[in-house]
Amino acid sequence: MKYPLYSSLLAAAALSLASHASATEVLISASQMLDVRTGKMIANPQILVKDGRIVSVVSNKSAATTNKDTQKIDLPGMTVVPGLIDMHVHLDSDPTYGGYNTLQFGDRFWSILTVPHANRTLQAGFTTVRNVGADAWNDVGLRQAIDEGKIPGPRVVTAAYSFGATGGHCDSTFYPPSMNQQSPFNADSPEEGRKRVRELRKYGAQVIKICATGGVFSHNTEPGQQQMSLKDMTAIAEEAHQWGLRVAAHAHGTSGIKDAIRAGVDTIEHASLIDDEGIALAKKHGAYLSMDIYNTDYTQSEGKKNGVLEDNLRKDREIADVQREGFRRAHAAGVKMVYGTDAGIYPHGDNAKQFATMVKYGMTPVQAIQAATINAAEALSSKDVGILEAGRFADMVAVAGDPTKDVRLLENVAVVIKGGVVVKSGK
């Protein structure tokens with residue numbers, strides 16, 4: 001679909017990425033910009049960027065000060081929104097291979113897939129992601145390659161290996177004893193948990209991801225089972241926080257959710273079976289919920305043909321509606337929510353499809369966008385992303401129309417800018 005309103009954009013975007021990257025100063029203008037702090041639109045913004053970061057944001061009431069060498073990116077008729085943040089992705093996972101179908105490939109196959117997956121994610125407007133679990137340090141290598149400018153992709157916050165109890169969701173659970181398959185980072189005591197935090201941080205983890213309960217896409221675990229104790233999780237959270245790292249906990253089950261919150265975990269992933277006490281605890285302790293309430297639509301329609309085992313599809317069906325109603329109740333109660341999709345369970349690049357589901361289950365479009373911008377940045381403890389204001393990275397997306405009225409516009413962003421550089425334009 002073409003957008004005739006921004007022909008001048010196409011000319012600006014025709015500049016090579018190298019040309020933009022070499023410019024020390026860029027001026028980006030649009031018809032309006034969403035201020036995610038207030039949820040209000042700013043008319044005719046001018047966003048001045050220097051060396052990839054925002055210097056100033058002014059409206060049509062005043063003009064930005066530029067020089068003759070300033071690059072101009074004009075987005076007439078477009079609405080600019082901060083670059084989107086997905087707090088729960090797995091860039092080395094491909095949903096078209098499920099169950100035992102993954103065994104047809106060598107280990108490095110999955111490493112290579114992170115490259116197109118990262119690019120699709122960026123093209124979809126997600127300029128920052130948190131990769132909460134990868135094999136073989138795949139996400140760390142990917143982040144380093146992106147940061148070095150070798151490949152395109154979003155800013156990646158890396159967890160490296162996620163870990164939990166022996167035999168639990170984060171362990172290798174599909175194979176017989178003769179194959180002796182296990183995660184190298186199982187932790188079965190508070191002391192082991194502390195050591196895992198130190199080991200993972202040493203080799204590139206920027207966030208710690210644990211599995212507090214059983215899961216949907218593992219074998220011989222049920223989502224409601226608690227698999228790490230309160231003492232285990234408390235030790236891990238204390239250790240991570242000592243090192244300046246935040247902690248995410250995979251937690252479907254009711255008791256596991258509540259103990260993870262009590263332990264000081266920062267974000268609760270999935271939170272499928274959260275009850276009213278869990279909601280109250282999350283609000284009291286300031287924990288963020290990252291609830292992937294869209295992906296069941298994909299797994300139930302495509303999972304069987306992809307090789308996903310029936311037992312896994314059963315678990316997915318059983319928690320789907322319960323999770324969505326829990327999302328509605330938690331949001332209504334005022335719990336802090338972030339945007340996390342579990343991309344990798346469904347195709348990378350479709351990340352924005354969850355916005356409409358969040359609106360269906362109680363959020364306004366502005367609140368859903370805030371979950372993927374300002375809320376996510378706060379949960380990351382980052383002052384670099386999530387808001388279009390001075391000092392932050394010049395990461396943004398643009399759409400023709402108003403996404404605060406039709407959030408589905410974000411499913412097909414026309415323009416993506418990362419660090420003041422146009423990385424997508426025209427469709």
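This is a predicted model: local features need pLDDT of at least 70, side-chain atom pairs count only at pLDDT 80 or more; totals for chains, interfaces and linings use all residues.
1. If you want a spot to look at, find Thr267, which stands opposite Tyr288 in S12.

2. Now step back to S10 (residues 246–251) and S11 (residues 267–270). These two also pair in the parallel sense, over four bridges. The chain gets from S10 to S11 through helix H7 (residues 254–263), and this β-α-β crossover is right-handed. Within the pairing, His250 has Glu269 in S11 as its bridge partner.

3. On the other flank of S12, three bridges join S12 to S13, and the two run parallel. Tyr288 turns up again here: its bridge partner in S13 is Lys336.

4. Put together, you have an open sheet of five strands, ordered S9-S10-S11-S12-S13, with parallel pairing. S9 (207–211) and S13 (336–338) are the edge strands, each pairing on one side only. On average, neighbouring strands in this sheet are turned by 25 degrees against each other, ignoring direction.

5. One more helix to check while you have the sheet in view: H6 (residues 230–242) packs on the sheet and touches S9 and S10. The direction of H6 makes about 150 degrees with that of S10.

Conventions. Residues are numbered from 1 along each chain as its sequence is written. Side-chain values use heavy atoms; hydrogens and water are left out. Two strands pair if DSSP finds at least two bridges between them. A crossover is right-handed if, with the strands pointing away from the viewer, the path from the first strand over the helix to the second runs clockwise. Axes are lines fitted to C-alpha atoms, for helices over the stretch in contact, and angles run from 0 to 180 degrees between N-to-C directions. Contact means heavy atoms within 4.5 Å.
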